[in-house]
Amino acid sequence: MSRQRTVLVWNPEYCRHCFGCIANCSRKALTLDHEHGVLCYDIRKCIRCNNCLKACYTGALHTETVEEP
Ligand code: SF4
Ligand code: SF4
């Protein structure tokens, strides 16, 4: 039987690289890959507090519920 998990989804199209989400993540679950300019998300560190979503003024972040195998 599969489990459901809520994950953070980043949309680079809307991202303005303000780093507000990274600064507001107390778990250091979000980091920036400087080489590729992408936001990296470590789901193992995330406690789903949604502080990053509240900090994002562009709508570049949202959550989705996915099925785990
Ligand atoms: S939901 Fe909370 S812990 Fe998870 S990435 Fe966002 S700010 Fe960090
Ligand atoms: S807060 Fe939003 S706009 Fe700013 S870096 Fe994070 S995802 Fe991008």
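The model is predicted: local features need pLDDT of at least 70 and side-chain atom pairs count only at pLDDT 80 or more, while totals for chains, interfaces and linings use all residues. Residues are numbered from 1 along each chain as its sequence is written, and chains are lettered from A and ligands numbered from 1 in the order in which they are written.

Arg 48 has a positive phi of about 60° although it is not a glycine. Arg 48 sits in the loop between β3 (38–41) and α2 (51–55). His 17 likewise has a positive phi, near 55°, and belongs to the loop between β1 (3–10) and α1 (20–23). His 17 counts as exposed, since it has 11 C-beta neighbours inside 10 Å. Most residues other than glycine have a negative phi.

**Overall architecture**

The protein contains 2 helices and 4 strands, which are DSSP runs numbered from the N terminus (helices H or I, at least four residues; strands E, at least two). Along the sequence they follow the pattern β-α-β-β-α-β.

Along the principal axes, the C-alpha atoms fill a box of roughly 40 × 25 × 25 Å.

**Core and contacts**

Buried residues make up 14% of the 69 residues. The largest nonpolar core has 10 residues, among them Leu 8, Leu 30, Leu 39 and Leu 61; such a core is a set of buried Ala, Val, Leu, Ile, Met, Phe, Trp, Tyr and Cys residues joined through C-beta atoms within 7 Å.

Leaving aside neighbours within four places in sequence, Leu 30 is in contact (C-beta atoms, placed from the backbone, within 7 Å) with Cys 21, Ile 22, Cys 25, Leu 39, Tyr 41 and Cys 52.

**Ligand surroundings**

Ligand 1 has 13 residues around it, and Cys 25, Ala 29, Cys 46, Cys 49 and Cys 52 come nearest; a residue is near if its C-beta atom, placed from the backbone, lies within 6 Å. Ligand 2 is surrounded by 14 residues, the closest being Cys 15, Cys 18, Cys 21, Cys 56 and Ala 60.

Conventions: Buried ≥ 20, exposed ≤ 12 C-beta atoms within 10 Å, placed from the backbone. Contact = placed C-beta atoms within 7 Å.
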